[in-house]
Amino acid sequence: MADVKEILREIPSVDEVLKSPLCQEWLKTHPRSLVLKAIRDILRLKRESILAGANPAASRVLSFDTIFSEIENTLNDLSSFKLRPLINATGIIIHTNLGRSILDEVVIRNMEGIAKRYSNLEYDIEKGERGKRHAHLEEILRTLTDSESSVIVNNNAAAVLLVLNSMAQEKEVIVSRGELIEIGGSFRIPEVMERSGAVLREVGTTNKTHLRDYEGAINERTALLLKVHTSNYRVLGFASDVSLQDMVFLGQKRGIPVMNDLGSGCIIDLKKYGIYGEPTVKEVLKSGVDIVTFSGDKLLGGPQAGIILGKEVYIDRIRKNPLARAVRIDKLSLSAMEVTLREYLDEERAVKKIPTLRMLTQPLKDIAKRAKKIERLLKNVNALFKVKVMQDSSQAGGGSLPLLNLPTFVVALSPAVQGSQFSVNDFEERLRKGERPVIARIKDDALLLDARTIQDGEIKELVDSVKVALKK
């Protein structure tokens, strides 16, 4: 016990550390509160370790250098931003966990300008009076989709919630059982509907729903017919559903509005690029549907947002819902969305400038060229790992185009000697926890860097991160 007390006395006090020259340097660049927290945390851990029965002989190695190094590491960790940029080498283009769609430089510049200055967010410059933030996008959305009117909120789940609450509170909404989807984070259509105050009326079965199922379910409490696009899965085989056109015909015959939750909003026809299974927003609206909702940060390739398009009579009701204020889009997302939508006025330019579309449609030869460049820069970096370019497949991700497998080229790094202490899993962890995190995937005992989602401007940073990870 005497040894323990003696060792505890060797730990410097908070005041001693604060008065040290090194701590005075920390205080020039870090908030005093964080410096104090780092000091107290490390000194507390040292005391707890000793009192827990740590080897007294080992505990005597309590040099100021060791303690100060640990304090500095903790301080740097406390001072670093928790939301950090990283390199997506997974090949999943719209990666939900990695922020979905990334934005082009021209979008970022517009956001910066709006962020740094006051703006006419809710001010009508022509009339000199209060305006509506939705007005900034209404014209461009009408041009691109032939919609009558629009409302923009913070994401598509909010868009669905707002429409259901506005159109069907305490009334029934008819949905096929095969379309009661679950989206990211375990949020389910029935639960969103319950929170909206609408009453779910299921029809049909998981694999088959007929028009007569909808007809038989309509009653005096029916407020809405809802079709949900299964953008994150497909039901194949012995299956059938009701077309949107047939639902619109039924809705018009019975005087009931029809809503289509598209999930991923596609503005241009991707079939010409060899990508099938996703209708365009304009096609959907042409069917005569009353309301359409979709995401801004999936196939559209913009910032996080929920876009509601449709007939003026219904959009006006949605705008007047008090809940609309709670879920409205913010000014930075609005500014980013305007630039993204304007890119679509020239489809050829949109495919090149909007990163999500560029990655979806980029020629395979360009991906191969990028992969070979990465391979060349990594050759002979470390004898423990072999480097070679291989063919593989990428995915759209983000609950979009679930059956799509895009051919790609990957840079595969695998152990040169089987059974090496430095495994692929160790390597993946080192890359993931590096100063600039690199998120990759493991397949057949090799770490794959998919060149489809690695940006040209990230190659040097990627190579440097790999080199550092292999040196540890």
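How many aromatic pairs does the structure hold? In this predicted model, the structure holds 2 aromatic pairs. One of them is formed by Trp26 and Phe68, whose rings lie 5.9 Å centre to centre with 35 degrees between the planes, a tilted arrangement. This pair links distant parts of the chain, since Trp26 belongs to helix α3 (residues 21-29) and Phe68 to helix α6 (residues 64-79), 42 residues apart. Trp26 is buried because its relative accessible area of 4% falls under 20%, and Phe68, at 7% relative accessibility, likewise counts as buried.

Phe385 and Phe427 also pair, with ring centres 4.9 Å apart and planes at 50 degrees, so this pair is tilted. Because Phe385 lies in strand β13 (residues 385-394) and Phe427 in helix α20 (residues 424-432), the pair ties together parts that are 42 residues apart in sequence. Both Phe385 and Phe427 are buried.

Turning to the cysteines, a search of the whole structure finds 0 disulfides. Cys23 counts as buried because its relative accessibility is 0%, and Cys266, at 2% relative accessibility, counts as buried too.

The loop between α14 (312-319) and α15 (323-326) is the place of Asn321. Although Asn321 sits in a loop, this residue is buried, with a relative accessible area of 11%. Leaving aside residues up to four places away in sequence, Asn321 touches Leu162, Asn165 and Ser166, and with Ser166 there is a polar contact between the two side chains, at 2.8 Å.

Key:
Residues numbered from 1 in each chain as written. Predicted model: local features only at pLDDT ≥ 70, side-chain atom pairs only at ≥ 80, totals over all residues. Heavy atoms only, no water. Disulfide = S-S within 2.5 Å. Buried < 20%, exposed > 50% of the residue type's maximum accessible area, 1.4 Å probe, protein only. Helix = DSSP H or I, 4+ residues; strand = E, 2+ residues; numbered from the N terminus. Polar contact = N/O pair within 3.5 Å; in protein donor to acceptor, adjacent residues only side chain to side chain. Contact = heavy atoms within 4.5 Å. Phe/Tyr/Trp six-rings, centres within 6.5 Å; stacked < 30°, edge-to-face > 60°.
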